[in-house]
Amino acid sequence: MSIDKTQHTSHSTHGHGGTRSRSHQHQNKHDKCCSRGPSNYQIMCEPFVAIHRKMELLLCFGQLLMQNGANTNHIQRDMMRAASYMGIPPQYVHIHITYMTLMLNINDEKHSYTVFRKTPLHGVNMTILSTLSKLTWKAINENYSLDEFEAHLKTIAEAPPKYPVAFHGLAAGFACGAFSILFGGTFLAALVTVICAIIGFIARYICHHYQINFYFGVVAASFAATFTANLINTTFEYGTIIYAMVSCTLFLIPGVPLINAVDDMINNHIVSGMTRAMHTLLIVSSMSVGIAMSLYFDHVSTFTHLNITPVVVTPIQAIAAAVGAVCFAMIFNTPYRLLWVTALGGTISVITRNILIVDFGFTLVGASFVASAIIGLLALKTYKLLRTAPLILSIPAVIPLIPGVLLYRFLFGLLTINQLTPDNLLFALRSGITGELTIICIAIGVAIAHIIARSYLDRKKEISLQKALRERQKSLSE
């Protein structure tokens with residue numbers, strides 16, 4: 001992504017009555033000042049000096065956050081801090097965010113400026129989110145000029161992915177293989193899963209390369225992966241290979257959008273949250289269509305009744321959880337230095353959940369909530385030490401908890417509803433409800449520590465921000 005100054009539409013409005021002419025006079029005064037070259041002190045301490053450029057940079061900053069997996073709360077928080085760095089008081093800044101549109105208004109009693117930008121492409125890049133979070137603090141502490149801030153934004157936007165496509169393919173394969181182990185499969189089933197998932201990843205990559213519809217790419221990937229697993233299972237008739245059939249498409253599960261959807265809704269960003277939820281539902285539905293197509297001519301009757309709940313806790317589960325978390329972290333382009341943290345977090349989350357289920361009789365929903373809440377608390381305690389955002393630590397660690405198989409088991413049941421007995425239909429419905437409740441509880445668990453401590457954390461960050469701004473203003477005035 002490059003910073004393109006032609007990608008957004010700008011619109012300015014002004015106050016009622018006589019304030020319109022005064023606003024134009026004020027802007028003309030600023031334009032003349034800028035033509036003479038305003039000082040860095042004027043630019044960074046007077047809100048409406050170079051206002052159009054400031055808003056352009058704020059939009060570029062917010063767009064980078066939006067298209068790389070930040071939730072609405074994250075986008076608003078970091079954009080407000082960036083605006084404070086530019087000398088714009090928080091009470092002047094108004095941000096409206098939908099799933100594809102970012103709107104920014106800056107106004108006081110005399111002036112009002114509004115710009116917006118479309119962001120049609122969405123992905124996940126934890127490295128960019130971490131770098132952008134650091135950039136605002138660094139810009140304040142080191143007195144960046146707007147030129148320096150823009151240069152850093154361009155560098156971040158144009159940086160290649162942290163891991164090449166081949167690494168993403170291998171990570172997708174090994175992540176699904178780890179899921180197969182967690183569900184109770186053998187090492188042979190895990191190996192088959194890795195092969196099938198990589199084939200599915202290649203199918204999706206080809207669709208993306210030729211700019212085929214995103215959801216059709218998901219259908220093609222799930223069909224290719226499941227068809228390969230089904231073909232191997234039919235050829236060799238080895239019982240545990242069936243675990244490959246329920247695991248080989250899990251790299252397609254939209255874990256970050258699912259968690260962001262719930263996070264947005266519980267933080268009262270209802271429209272954005274509902275849109276994210278619909279997007280994830282379409283992805284899971286596309287997966288189900290691909291799976292149904294691959295099994296159409298050779299239906300496996302035990303597929304929907306395969307038990308994936310752990311019955312014992314073993315060391316191999318800890319290893320599989322660590323591998324799964326690290327592989328998803330690589331898919332999400334998490335910084336290298338944090339991979340060991342995500343491995344540890346994945347192990348803690350999965351083993352905690354399994355112990356609660358096996359030894360204490362917890363349900364999958366309750367155990368997943370407790371495990372994700374522990375990860376959220378640990379992330380909140382360690383993010384400063386690790387110099388990153390809490391969600392960058394917690395999300396890859398809880399992805400192995402997401403029961404994606406339950407979701408497309410439910411949708412697969414709906415697609416084959418004419419062939420279902422009443423018992424099978426009830427089983428499919430139970431799978432869907434359990435899956436949805438588990439995902440909601442995982443998202444709430446991750447966020448609950450921050451929600452409870454939000455007032456304290458916001459107040460602490462505000463004190464740090466105001467201190468840094470005072471020191472910056474003193475430095476600029478000297």
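**Figure 1. The loop between helix H13 and helix H14, with Asn333.** In this predicted model, Asn333 belongs to the loop that links helix H13 (315-331) to helix H14 (339-360). Take a look at the backbone here: the phi of Asn333 is near 55°, a positive value in a residue other than glycine. Asn333 has a relative accessibility of 5%, and because the cut-off for buried is under 20%, this residue counts as buried.

**Figure 2. The loop between helix H8 and helix H9, with Gln211.** Another loop, between helix H8 (187-209) and H9, holds Gln211. Gln211 is not a glycine, yet its phi is positive, near 55°. Is Gln211 buried or exposed? Its relative accessible area is 74%, and since exposed means over 50%, Gln211 is exposed.

**Figure 3. The packing of helix H9 against helix H12.** Helix H9 (residues 214-236) packs on helix H12 (residues 270-294) at an angle of about 40°, and the two axes are 7 Å apart. Their crossing is right-handed. On the H9 side, the contact is made by Phe214, Tyr215, Val218, Val219, Ser222, Phe223, Thr226, Phe227 and Asn230. On the H12 side, the partners are His279, Leu282, Ile283, Ser286, Met287, Val289, Gly290, Ile291, Met293 and Ser294. By class, this contact of H9 with H12 has 12 nonpolar residues, 7 polar ones and no charged ones.

**Figure 4. The crossing of helix H5 and helix H16.** Here the axes of helix H5 (residues 126-141) and helix H16 (residues 390-398) come within 10 Å and cross at roughly 160°. Angles over 145 degrees count as roughly antiparallel, so H5 is roughly antiparallel to H16. The crossing in which H5 passes H16 is right-handed. Which residues make the contact between H5 and H16? From H5 come Met126, Leu129 and Ser130, and from H16 come Ile392, Ile395 and Pro396. Of the residues in the contact of H5 with H16, 5 are nonpolar, 1 is polar and none is charged.

**Figure 5. Helix H11 and its surroundings.** Helix H11 (residues 255-266) has 12 residues, and the distance from its first C-alpha to its last is 17 Å, close to the 16 Å expected at 1.5 Å a residue. H11 is mostly covered, with 9 of its 12 residues buried. Those buried residues are Gly255, Val256, Leu258, Ile259, Asn260, Ala261, Val262, Asp263 and Asp264.

**Figure 6. Helix H7 from end to end.** How far apart are the end C-alpha atoms of H7? Helix H7 (residues 165-182) has 18 residues, which at 1.5 Å a residue should span 26 Å, and its end C-alpha atoms are 26 Å apart, in agreement with that value. Because 13 of the 18 residues of H7 are buried, this helix is largely enclosed by the rest of the structure. After H7 comes Gly184, with a positive phi near 110°.

**Figure 7. Asn107 and its contacts.** Asn107 lies in strand E3 (residues 101-107). Setting aside neighbours within four places in sequence, Asn107 is in contact with Phe48, Tyr92, His94 and Ser112. Take Phe48: along the chain, this residue and Asn107 are 59 residues apart, while their C-alpha atoms are separated by 9.1 Å.

**Figure 8. His52 and Tyr113.** His52 is in helix H3 (residues 51-67). With a relative accessible area of 41%, His52 is partly exposed. His52 and Tyr113 are 61 residues apart in sequence, and their C-alpha atoms are 8.3 Å apart in space.

Figure 9. The protein chain contains 19 helices and 4 strands. Of its 478 residues, 54% are buried. Among contacts between residues at least 6 apart in sequence, 76% join residues at least 24 apart.

Note on methods:
Residues numbered from 1 in each chain as written. Predicted model: local features only at pLDDT ≥ 70, side-chain atom pairs only at ≥ 80, totals over all residues. Heavy atoms only, no water. Helix = DSSP H or I, 4+ residues; strand = E, 2+ residues; numbered from the N terminus. Expected span 1.5 Å × (residues − 1). Buried < 20%, exposed > 50% of the residue type's maximum accessible area, 1.4 Å probe, protein only. Axes fitted to C-alpha atoms, helices over the stretch in contact; angles between N-to-C directions. Parallel < 35°, antiparallel > 145°, perpendicular 65-115°, else oblique. Left-handed = near helix turned anticlockwise from the far one by under 90°. Contact = heavy atoms within 4.5 Å. Nonpolar A, V, L, I, M, F, W, Y, C, P; charged D, E, K, R; others polar.
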